Amino acid sequence: MTLSARRSLAAVSALGVSQIISYGTLYYSFSILAPAMGEEFARSREWLFAVFSGTLLIGGIISPWSGRWADRFGAGRVMTLGSLAAAVSLLVCAWAPNWSIFAPALVTTGIATPFILYNTAFARFSCRSIPKRLLAELRY
């Protein structure tokens with residue numbers, strides 16, 4: 001295996017692991033933790049999933065900006081900052097003493113998600129594999 005092939009394999013593997021962790025912490029864990037969060041904050045599951053649905057809506061609204069920023073600043077940088085923002089918002093969620101802090105912190109995870117999930121990850125690889133002159137023609 002050539003050095004270039006090893007680097008590509010390492011990059012794809014690292015990106016795959018980061019996507020699994022991101023989806024696991026930002027999406028899939030919510031349904032498992034919802035009953036305990038409902039008890040902790042004295043809220044029904046309906047309220048929790050309403051706020052979670054709001055995070056998905058916000059993520060969809062923010063998505064065009066994540067694409068523009070990935071084009072402008074590079075998908076790797078955008079994903080790094082998005083990962084930091086998601087980590088901070090999850091820490092605030094974990095340490096939230098009450099609902100009025102937890103709910104906005106949960107909503108901020110929705111702001112971070114488009115910057116770290118597969119849309120931006122695909123941009124990362126396409127930017128590496130497409131010649132720069134063609135990328136210039138594809139940008140907004």
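**Exercise 1. The chain as a whole**

How many helices and how many strands does the protein chain have? Determine also the order of its elements, and the share of its residues that is buried.

*Solution.* The model is a predicted one, in which local features need pLDDT of at least 70 and side-chain atom pairs count only at pLDDT 80 or more, while totals for chains, interfaces and linings use all residues. Residues are numbered from 1 along each chain as its sequence is written, and side-chain values use heavy atoms, with hydrogens and water left out.

Step 1. Helices (H or I, at least four residues) and strands (E, at least two) are taken as DSSP runs, numbered from the N terminus; on that basis the protein chain has 6 helices and 0 strands, and along the sequence it follows the pattern α-α-α-α-α-α.

Step 2. With buried defined as under 20% relative accessible area, exposed as over 50% and partly exposed as in between (1.4 Å probe, protein chains only), buried residues make up 31% of the 140 residues in the protein chain.

Step 3. Contact means heavy atoms within 4.5 Å; of the contacts in the protein chain with a separation of 6 or more, 76% are between residues 24 or more positions apart.

**Exercise 2. The packing of H2 and H4**

Describe how helix H2 and helix H4 cross, and name the residues that make the contact.

*Solution.* Step 1. Two packed helices are described by the angle between their axes and the distance between the axes. Here the axes of H2 (residues 45-73) and H4 (residues 99-112) come within 7 Å and cross at roughly 35 degrees, where axes are lines fitted to C-alpha atoms, for helices over the stretch in contact, and angles run from 0 to 180 degrees between N-to-C directions.

Step 1. The crossing of H2 past H4 is right-handed, that is, the near helix is turned clockwise from the far one by less than a right angle.

Step 2. On the H2 side the contact is made by Trp 47, Leu 48, Val 51, Phe 52, Thr 55, Ile 58, Gly 59 and Ile 62, and on the H4 side by Trp 99, Phe 102, Ala 103, Leu 106, Val 107, Thr 109, Gly 110 and Ile 111.

Step 3. Sorted by class (Ala, Val, Leu, Ile, Met, Phe, Trp, Tyr, Cys and Pro nonpolar; Asp, Glu, Lys and Arg charged; the others, Gly among them, polar), the contact of H2 with H4 has 12 nonpolar, 4 polar and no charged residues.

**Exercise 3. Single residues**

Step 1. Ser 89, which is found in helix H3 (residues 75-95), is buried with a relative accessible area of 5% and touches Ala 105, Thr 108 and Thr 109, residues up to four places away in sequence not being counted.

Step 2. For comparison, Ala 42 lies in the loop between H1 and H2 and counts as exposed at 63% relative accessibility. Its phi is near 55 degrees, a positive value in a residue other than glycine, whereas most residues other than glycine have a negative phi.
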